[in-house]
Each structure stands twice: as structure tokens, then as C-alpha cells.
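Welcome, and thanks for taking a look at this model. Please keep the viewer open while you read, so that each residue can be found as it comes up.

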Amino acid sequence: RVANNSAIMNYNLDFSRLWRLENLDLTATSTTGVTLPDNSNIQSIKLPATVANLTLVDQTKLNKFELGGYANLRVVEISGTPFIDTLQFVKNCMNAGTKLNSLTLKDIKWEKVDLSIINYILGISNVNITGRIDLDSTANVDFATKAALLAKFGNIDNETNALHIVYPNEG
């Protein structure tokens, strides 16, 4: 039921068949990735700064998440995991200078989003985000940014688009 620190180094660990796993603490390891069971019982995850690949899918019981650092992340997928504040997670990546290769976020509902976050996301080569982003009141989207958003996400102005972006005073 509990997996914790051991002599695990530089590996992607696969816990996908451990459906009863509740607590995972790998902080004293240098593991680079973890595969978790979908719809699991995991309540607590502690990962080291060495993690490069992070997938949190349908971790509905998760109520504690710690990551030793964000700078080494390269691939991130988060969906169906309500405890994780995906906007704050992306801010942490941006602030750490994380050079993500791939970012997948499903059904987001972000409010008061600064353009720096939008520009950070636009710099990621493989992005799949669905949901809604409400820009903050100071956001002034220029033509180049708008064109890049349209190219990457389709008709972001349409509420039925996979990603809908709402501009200040648009509601």
C-alpha cells in the first residue's frame, strides 16, 4: 500500500498495476518518470526534482502532491485530477524555466490568466489543452499572439472549440 524511498535511480517506474497503492514517496531517489494506475487509490505523491515525465490521469483521490522541482520536466499530462491546480503548475514550470516538450491538460478552467502564461504555452512544441481560459483584465493580445493561438488551438473565440479563450471585458 505504500511505496517509498529505496535504491531507485534514473529509471521510469511503472506502478500501473498497483491499484491499491495509496502513498508514493520517491523523494530520495533520482527516478525520471513514474507510471501510475488510472482511477487509483493514490492519496499522496512525493516526487524528486529529477522527474522528466509526469502523467497524472484520473487521480481523483489524490490530496497531497509534492514535486522536488520543475526544471527537469519535459513531458506533462494532467487530467481528471482535481487536486492539482493546473494553472499554478504551469506557472511553476514557467518560473523554473522549464523547457517542456509536451503539455497535455484536459478540461481546464483558468481565470485571470496573465499573457506571460499564454506566451509560455505558445513556446511549447506539443500542446494539447482543452477547456476555458479567462485572461486577466490587463491582457492585451496583439496580432502575432492571436495568430499563434489560432494556429495552435483553432478558433479559440468559439465556445465550442476544444480550447476557448475569453478576453477582458468579454465575459
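## Overall picture

Let's begin with the chain as a whole, keeping in mind that this is a predicted model. The secondary structure of the protein chain consists of three helices and eleven strands. Read from the N terminus, the order of elements is β-β-β-β-β-β-β-β-α-β-α-β-α-β. With a radius of gyration of 17 Å, close to the 16 Å that the globule rule gives for 171 residues, the protein chain is as compact as a globular protein of that length.

## Burial, surface and contacts

How much of the protein chain counts as buried? The share is 46% of the 171 residues. The accessible surface comes to about 8,900 Å², and carbon and sulfur atoms account for 47% of that area.

## Where two helices meet

Now zoom in on helix α1 (residues 86-95) and helix α2 (residues 115-122), which pack with their axes 10 Å apart and at an angle of about 70 degrees. Angles of 65 to 115 degrees count as roughly perpendicular, so α1 is roughly perpendicular to α2.

Which residues make this contact? On the α1 side they are Leu87, Val90, Lys91, Cys93 and Met94, and they meet Ser116, Ile117, Tyr120 and Ile121 of α2. By type, the residues of the contact of α1 with α2 comprise seven nonpolar, one polar and one charged.

Most residues other than glycine have a negative phi. Asp58 has a positive phi of about 55 degrees although it is not a glycine. Its place is the loop between β6 (53-57) and β7 (64-67). Because its relative accessibility is 28%, Asp58 counts as partly exposed.

Asp107 is not a glycine either, and it too has a positive phi, of about 55 degrees. Where does Asp107 lie? It sits in strand β9 (residues 102-113). Is Asp107 buried or exposed? The relative accessibility of Asp107 is 59%, so it counts as exposed.

Note on methods
Residues numbered from 1 in each chain as written. Predicted model: local features only at pLDDT ≥ 70, side-chain atom pairs only at ≥ 80, totals over all residues. Heavy atoms only, no water. Axes fitted to C-alpha atoms, helices over the stretch in contact; angles between N-to-C directions. Helix = DSSP H or I, 4+ residues; strand = E, 2+ residues; numbered from the N terminus. Parallel < 35°, antiparallel > 145°, perpendicular 65-115°, else oblique. Contact = heavy atoms within 4.5 Å. Nonpolar A, V, L, I, M, F, W, Y, C, P; charged D, E, K, R; others polar. Buried < 20%, exposed > 50% of the residue type's maximum accessible area, 1.4 Å probe, protein only. Rg over C-alpha atoms; globule rule 2.2 N^0.38 Å. Areas by Shrake-Rupley, 256 points an atom, 1.4 Å probe, with all protein chains shown as cover.
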